[in-house]
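Trainee: I would like to learn how to read a model like this one, feature by feature. Could we go through it together?

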Amino acid sequence: MRLSVIGCGYLGAVHAAAMASIGHEVVGIDINQRKIDALSKGDAPFFEPGLQEILTSGIASGKLRFTTDMSAAKGAKVHFIAVGTPQRRDGYAADLTSVHAAVDGLLPHLSDGDIVAGKSTVPVGTAADLATREELGRGESVAFLREMDEINMRRRNRAVQLVVDALGGSVFQKKVTVLGAAFKPHSDDIRDSPALDVAVRLHGLGASMTVTDPAAIENARRVHPQLTYVEDRDGALRDADAVIVVTEWDEYRRQLAPEYAASLTSGRVIVDGRNCLDAAAWRAAGWHYAGMGRP
Ligand SMILES: NC(=O)c1ccc[n+]([C@@H]2O[C@H](COP(=O)([O-])OP(=O)(O)OC[C@H]3O[C@@H](n4cnc5c(N)ncnc54)[C@H](O)[C@@H]3O)[C@@H](O)[C@H]2O)c1
């Protein structure tokens, strides 16, 4: 089937390449010329396991191409909207500007029976609103999103507070190591990452912060150059007074034995910001373990 994917960022580029890899004929469309140039050459512009391979093979097979020209969507039967919906600066709602622009750009190229599928994260009701032309006016869904946001923010505050409490009430001049910078494992995406927010807050309280991550250090350094970055996990742990796990990469969740970690750090404080560690095992190895909402 012929498909178009509008927006070729983390979500769209992977989706386009994956659809081509299972045999569909796919055109990926984006307004960012640099991104399109890189993708057209088969260069994955970010880290995602397996993307490089399916991108290269999709382009070589002729099933996958990328362009900035929206008219290339014409003839596709399904159009996936995968543009960004960042948090609005003035509040809690998502900024739907790009979704509106993408749909407006796509409309002249649609044929009867085409399906437009939303993959971007949008508030409940956006599809119905778009169909009638993405006003919102959905008080309940906005209130729900605000509540979710507040819960997420409270988790970050709590993680910071757990580190402060475990270090005796002050982190001033204490060495704290943050395991993880990406907003989720297997990604170098640090946008809205709780990990970096927590690290920056502790830095603001006077802690000496070291951050490590298997994939996201370059992106993190660009946005928060005030933090210290160490690529090697063990190097990052060395001499730390406290450790906080904020992204559940296997390197931290499964492959870091508490006894081994204790041989590297100077303190024995571990804060599990993702509740992804075996609390009993860490405590048995002599660590002060604190999880989120866990005894
Ligand atoms: N990254 C993820 O893992 C992930 C997972 C689930 C859902 N999502 C959601 O998917 C959506 C996209 O996220 P992302 O991380 O890929 O964002 P991104 O910023 O990496 O990519 C968005 C892309 O859309 C392009 N774009 C903006 N306006 C456009 C337009 N009018 N026409 C064509 N292209 C346009 C941008 O140039 C950019 O390349 C968001 O709503 C996000 O919440 C992302």
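Trainee: Which residue in β9 stands opposite Val176?

Mentor: Ala242 stands opposite Val176 there. Before we go on, this is a predicted model: local features need pLDDT of at least 70, side-chain atom pairs count only at pLDDT 80 or more, and totals for chains, interfaces and linings use all residues. Residues are numbered from 1 along each chain as its sequence is written.

Trainee: How many bridges pair β6 with β9, and in which sense?

Mentor: In general, strands of a sheet pair through backbone hydrogen bonds, either parallel or antiparallel. Strands here are DSSP runs of E with at least two residues, helices are runs of H or I with at least four, and both are numbered from the N terminus. Two strands pair if DSSP finds at least two bridges between them. β6 and β9 pair in the parallel sense over four bridges, and Val178 has Ile244 as its bridge partner in β9. β7 runs parallel to β6 too, joined to it by five bridges; in β7, Val211 is opposite Val178.

Trainee: What is the strand order of the open sheet?

Mentor: Its six strands follow the order β8-β7-β6-β9-β10-β11, with parallel pairing. The edges are β8 (228-229) and β11, each of which pairs on one side only.

Trainee: What is the handedness of the β-α-β unit made by β6, α7 and β7?

Mentor: A crossover is right-handed if, with the strands pointing away from the viewer, the path from the first strand over the helix to the second runs clockwise. The unit of β6, α7 and β7 is right-handed.

Trainee: Is β6 mostly covered or uncovered?

Mentor: A residue is buried if 20 or more other C-beta atoms lie within 10 Å of its own, exposed if 12 or fewer, and partly exposed in between, with C-beta atoms placed from the backbone. β6 is mostly covered, with five of its five residues buried. Lys175, Thr177 and Leu179 are buried on one side, and Val176 and Val178 on the other.

Trainee: Which residues of the largest nonpolar core touch the most other members?

Mentor: As a general idea, nonpolar side chains tend to be buried together in soluble globular proteins. A nonpolar core is a set of buried Ala, Val, Leu, Ile, Met, Phe, Trp, Tyr and Cys residues joined through C-beta atoms within 7 Å. The largest has 45 residues, and Val163, Val176, Val178, Ala242, Ile244 and Val271 touch the most other members. Several elements supply at least two residues each, including β6 (175-179), α7 (194-204) and β9 (242-245). The largest share, six residues, comes from α6. A second, separate core of 32 residues includes Ala13, Val14, Ile54 and Ala102.

Trainee: What is Ile244 in contact with, leaving aside its neighbours within four places in sequence?

Mentor: Contact requires C-beta atoms, placed from the backbone, within 7 Å. Among the partners of Ile244 are Ala159, Val163, Val198 and Val271.

Trainee: Why does Gly267 count as partly exposed?

Mentor: Gly267 counts as partly exposed because it has 19 C-beta neighbours inside 10 Å. This glycine is in the loop between α11 (258-264) and β10. Not counting residues up to four places away in sequence, Gly267 touches Ala240, Asp241 and Ala242.

Trainee: How is the chain divided into domains?

Mentor: Domain bounds come from an automatic or database domain assignment. Here domain 1 covers 2-137 and domain 2 covers 142-291. Their centres, taken over C-alpha atoms, are separated by 33 Å.

Methods
Contact = placed C-beta atoms within 7 Å.
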